[in-house]
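Please open the model in your viewer and keep the sequence panel beside it. Each stop below tells you what to select and what to look for there.

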Amino acid sequence: LPSVYRPGEVAGALAEAGNRSEAPLRDRAVMLLASLLGLRSSDIKGLRFDQIDWANRRLALVQRKNGRRLDLPLPDECAFAILDYWKNERANVDDPRVFLRGRAPHQSPAAGNHFHQGVTGCLARAGVEVSGRHRGLHALRHSVAVGMLESGTAYPVIGAVLGHVDDNTTRRYLRVDLTHLRPLA
């Protein structure tokens with residue numbers, strides 16, 4: 001089953017995002033992109049400034065996992081977090097990518113860095129029980145999917161937002177949608 005965190009647990013982790021971190025503004029922006037938009041870590045790491053339409057508050061990127069174009073609204077909270085990071089913490093280097101390592105060399109985070117440690121720390125500091133659940137950025141992505149499902153969002157919309165190529169990938173979230181499964185039991 002996909003690991004899912006309830007909205008209150010995600011809010012608690014977001015409140016802790018950046019605390020006790022070497023790059024607190026970057027970590028907060030990354031957590032917001034994952035928990036509000038459901039972006040994959042690879043797409044967050046590869047996000048470039050030219051993929052952000054600031055005037056219309058939209059993100060338009062080609063997903064690294066499947067090569068498909070993804071066009072999403074950019075919530076104000078995400079936009080302001082990215083701007084805060086860019087203006088107050090990001091190294092002043094000529095790199096088109098939004099998120100860079102906090103220490104030199106200031107380049108994109110390493111291929112193996114999926115921001116797992118930052119998410120795990122936020123959940124722990126927020127006092128979220130994580131036993132039996134994944135604790136990385138991908139679990140926040142699952143939480144976005146289930147939240148949309150529980151709020152009545154249609155499967156094709158959920159699949160489009162998450163960039164799923166196969167409808168069966170989106171359907172797997174049915175198994176954790178207890179709100180809609182309970183009446184059928």
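This tour of a predicted model goes from a pocket to the salt bridges, then to the nonpolar core and some backbone details.

**Stop 1: the largest pocket**

Select Ser21, Arg26, Asp27, Gln117 and Gly118, the lining residues that lie nearest the centre of the largest pocket. The lining has 25 residues in total, and the space in this pocket comes to about 500 Å³.

Now colour helix H2 (24-37) and helix H5 (116-125), each of which supplies at least two residues of the lining. Which helix gives the most to the lining? That is H5, with seven residues. Sorted by class, the lining holds nine nonpolar, nine polar and seven charged residues.

**Stop 2: salt bridges**

The whole structure has 10 salt bridges.

Next, select Arg28 and Glu77, which form a salt bridge with their closest N and O atoms 3.1 Å apart. Because Arg28 lies in helix H2 and Glu77 in helix H4 (residues 76-88), the pair ties together parts that are 49 residues apart in sequence. Arg28 is partly exposed, at a relative accessible area of 28%; Glu77 is partly exposed too, at 41%.

Then move to Arg48 and Asp50, another salt bridge, with 3.0 Å between the closest N and O atoms. Are these residues buried or exposed? Arg48 is partly exposed, with a relative accessible area of 31%, whereas Asp50 is exposed, with 59%.

**Stop 3**

Centre the view on Phe99 and show its neighbours. Leaving aside residues up to four places away in sequence, Phe99 touches a set that includes Ala29, Val30, Leu33, Ile44, Leu47 and Ile82. Arg26, which you selected at the pocket, is also among the residues that Phe99 touches.

**Stop 4: backbone details**

Most residues other than glycine have a negative phi, and most peptide bonds are trans. The last selections depart from this pattern.

Select Ala104 and Pro105: the peptide bond from Ala104 to Pro105 is cis, with omega near 0°. Pro105 sits in the loop between H4 and H5.

Go on to Arg20, in the loop between H1 and H2. Arg20 is not a glycine, yet its phi is positive, about 60°. With 79% relative accessibility, Arg20 counts as exposed.

Finish at Arg57, in the loop between strand E1 (52-53) and E2. Arg57 also has a positive phi, about 50°, although it is not a glycine. Its relative accessible area is 26%, so Arg57 is partly exposed.

Key: Residues numbered from 1 in each chain as written. Predicted model: local features only at pLDDT ≥ 70, side-chain atom pairs only at ≥ 80, totals over all residues. Heavy atoms only, no water. 1 Å grid on protein atoms, 1.4 Å probe; cavity = no way out; pocket = protein on both sides within 12 Å on 5 of 7 lines; lining within 4 Å. Points joined across faces, edges and corners; volume = space filled by probe spheres on them. Helix = DSSP H or I, 4+ residues; strand = E, 2+ residues; numbered from the N terminus. Nonpolar A, V, L, I, M, F, W, Y, C, P; charged D, E, K, R; others polar. Salt bridge = Lys/Arg side-chain N within 4 Å of Asp/Glu carboxyl O. Buried < 20%, exposed > 50% of the residue type's maximum accessible area, 1.4 Å probe, protein only. Contact = heavy atoms within 4.5 Å.
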